[in-house]
Amino acid sequence: MSEGVLQAEAPQLVLAAPGTGASMDPEVSAAIERLIAKIGSYNPRVDGDAVRAAAAFAHAAHGHQRRDSGELYIWHPLQTADILADLEMDQASIIAGILHDVVEDSPVDQAEVARRFGDDVASLVDGVTKLPDEMAAPADGGAEHRQRSERKRRAENLHKVLLSMARDLRVIVIKMADRLHNMRTLDSLSPERQQRIARETLQIFAPLAHRLGIWMLKWELEDLSFKYLQPAEYEEVARLVAKTRSEREGELAEAISLLSQRLSASGIQAEIQGRPKHLWSIYQKMQKQELDFTDLYDLIALRVIVNTVEECYHALGVVHDLWVPIREKFADHIAKPKPNNYQSLHTKVAGPTGEPIEIQIRTWAMHRTADFGVAAHWRYKEGGKEDSFERRLATLRQQLFATQDDTRDSQDFLRSVMENLLADQVFVFTPKGEVIDLPVGSTPVDFAYRIHSDLGDHCVGAKVNGRMVPIGYRFQNGDVVRIITRSTSGPSLDWLGFVKTATARNRIKRYLRRLTRDEDIVRGKEMLERELERRNLERIDLTRHERVAEVAAEMNYQSVDDLLAGVGHGLVSAHNIVERLKLRPEPAPVVEVPAVTRTSEPGRIAISVGGQDGLLLNLGKCCSPLPGDAVTGYVSRGRGMVIHRVDCPNAIKYYQREPERLVAVDWQDQGEEYYPAHLQVLVVDRVGVLNAITAILSEARVNISRLKVSTAPNRTGLLNLTIGVRSTDHLSTLMRRIESVSDVLEVRRSEPGYVKSR
């Protein structure tokens, strides 16, 4: 569902005949005809009846649904399609834009869309359709739980769209058109929702528009986000720009007149346009360079559009002959296009009044690509022939799929996308001249892992521009990089201290974890077998049983061994795995004792214990058990019952000496109590890592009752924390989030008492 929709009763689908516009508001019919005319202006083969049929179908599907503004809902998909037509997208994309909410917000299913409009349109609609609302938290889950669940659902939806984009980039263009119309109509939403949507737009969609070269969407998404995120600053910049507009327009007119005369005298036919800077870029420049508005002298910008590449360079000579060029402010993006296929000559000169003027020089084809970016090539793609731009975009697809492989859940995936794909970029070259874009601050190790995991794992050095550099060297734009490898070498802990990309960090961690993988698999198998025995469930071969493989796949593990290693490493609880296995009890008879559930009181714990009603309960300090652990109760003298984990050395000792004192215990998460849990976190010893970890715990509203930090000569640190959690599942979630921090090498659950008992 798009933002700002009020659901009405699900309508009955009564469709108008294609081309008739029957039973449709005259204003809606007129808008559809204007849309068809706009498509026809760049695509003479437009099938007007197909567009009308899609609009009639969407109109019937949405029925009387209205947005929060009160506007009839059909206007949103029509406006989304209109933005796609402005981008000159292909007909399938525009029809998908009209239909993009019907599966999500009406009784229509995907099969019906495919039957009526074809598999291509149905696939695009599926790519932008949000996941079902059952992922959201239940109404009685508490406000905090609902907020966490809603954040997770939004991350899952963005994850789905980005992976759909990796398969067909038209999906993200449709989604960005949808988002742009939502941003244009945010006024009717609450300030909280305005801020959330604007922040997501600025963090995800505007950088994606930049990455895909769609300037036409990028600038408006940024300015609208700026308006809602920082309204006071937005109004101030807008006021200052408006105040100086007349003065700048006069300077601009003089510059255009002078340049037009010179170009015409040189035999060059050119269109010269003023190029306004959008408000967000002005504000960003003021902030980054610590400038006052009055210190900005390059608000005047010109764009010169000519017919051929040769005329671009000829026009550049005319510009530099007319005005003095400013040193080090020239860039040739024609000879070396940007990875998003952007091409232009950029120069800055001292204009008629001596103030700087930015000038871009390009052909009409380059101009279209600069405005429309990835959208520019679908007009010519309907014949199915792959073009050079499609091949260039293959790199982006590879990066998205690599990010998917390197992350465990949707929130990690989005974090990696923002760090890897949407950060400020530096552009370097392979020895064969292929452009590789990396986040600013990237190193040869980041470059090596971008090319291939094996290249990264065996990297020992690099040559940049023909000379040897350390593997921690920070790239500059235009560097030519050659990686040097050695088959016997592998990643070092030190690498995590300087790599920039999430891909490199995750693959280095994966390599280092493989060093203890065999131990983790054995430990995980033993923990699962003990849990099965404790519950008196059927014995199975954990490495070969079909259901274990199914559970591994459900939890996004690549294999059963990966699942067992996750259990042994402490990333997932044995209790959770056994719950998912749903195995039958052993056929041997079991004597059941009625369970009694108590309410928590001082010195007591909410727990179900067979036949022990009224008994004082305590947690074993030696093993710090949690709800979800396999536990047993030891009836002590004077202390009542003490709850231990079944693998606690003390519990094992009691079983060997006094088995009659052990009582079967079933401890379920009550969702209200917090219990102490101990963590050991191995980190790269760098400034900020502790703040990052404590910020995660603070955001999750988790209390830290103890923290001890120690460092080692190899630039690593060990954090010992005691935190309050509700259950083993709660602890596992926190461990995964901590492990996603860039400088965290390993997270383990630890019990100080275990060490004392050994």
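Is Arg 726 buried or exposed? Let me start there. This is a predicted model. In it, Arg 726 has a relative accessible area of 16%. The cut-off for buried is under 20%, so Arg 726 counts as buried.

Where does Arg 726 sit in the chain? In a loop. The side chain of Arg 726 has a polar partner: the side chain of Tyr 674, at 3.0 Å.

Next, helix H25. H25 covers residues 574–581. How many of its eight residues are buried? Six, so the helix is mostly covered. The buried ones are Ala 574, His 575, Asn 576, Ile 577, Val 578 and Leu 581. Look just past the end of H25. Lys 582 takes a positive phi there, about 50°.

Now, what packs on H25? Helix H22 does, residues 517–534. The angle between the two is about 60°, and the axes lie 9 Å apart. That makes H22 oblique to H25. The crossing is right-handed. From H22, the contact uses Met 527, Leu 528, Glu 531 and Leu 532. From H25, the contact uses Ala 574, His 575, Ile 577 and Val 578. Those four H25 residues are also on the buried list. By class, the H22 contact with H25 has six nonpolar residues, one polar and one charged.

A word on the spacing. An α-helix has 3.6 residues a turn, so residues three or four places apart point the same way. Keep that in mind for the contact lists.

Helix H10 runs over residues 191–211, and helix H11 over residues 215–229. How do H10 and H11 pack? At an angle of about 155°, with axes 9 Å apart. Angles over 145 degrees count as roughly antiparallel, so H10 and H11 are roughly antiparallel to each other. H10 passes H11 in a left-handed crossing.

Which residues meet? On the H10 side: Gln 194, Gln 195, Ala 198, Arg 199, Thr 201, Leu 202, Phe 205, Ala 206, Ala 209 and His 210. On the H11 side: Leu 217, Lys 218, Leu 221, Glu 222, Ser 225, Tyr 228 and Leu 229. By class, this contact has nine nonpolar, five polar and three charged residues.

To recap: Arg 726 is buried, H22 is oblique to H25, and H10 and H11 are roughly antiparallel.

Definitions and conventions
Residues are numbered from 1 along each chain as its sequence is written. This is a predicted model: local features need pLDDT of at least 70, side-chain atom pairs count only at pLDDT 80 or more; totals for chains, interfaces and linings use all residues. Side-chain values use heavy atoms; hydrogens and water are left out. Buried means under 20% relative accessible area, exposed over 50%, partly exposed in between (1.4 Å probe, protein chains only). A polar contact is a pair of N or O atoms within 3.5 Å; within protein, one must be able to donate a hydrogen and the other to accept it, and residues adjacent in sequence count only if both atoms are side-chain atoms. Axes are lines fitted to C-alpha atoms, for helices over the stretch in contact, and angles run from 0 to 180 degrees between N-to-C directions. Angles under 35 degrees count as roughly parallel, over 145 as roughly antiparallel, 65 to 115 as roughly perpendicular and the rest as oblique. A crossing is left-handed if the near helix is turned anticlockwise from the far one by less than a right angle, and right-handed if clockwise. Contact means heavy atoms within 4.5 Å. Ala, Val, Leu, Ile, Met, Phe, Trp, Tyr, Cys and Pro count as nonpolar, Asp, Glu, Lys and Arg as charged, and the others, Gly among them, as polar.
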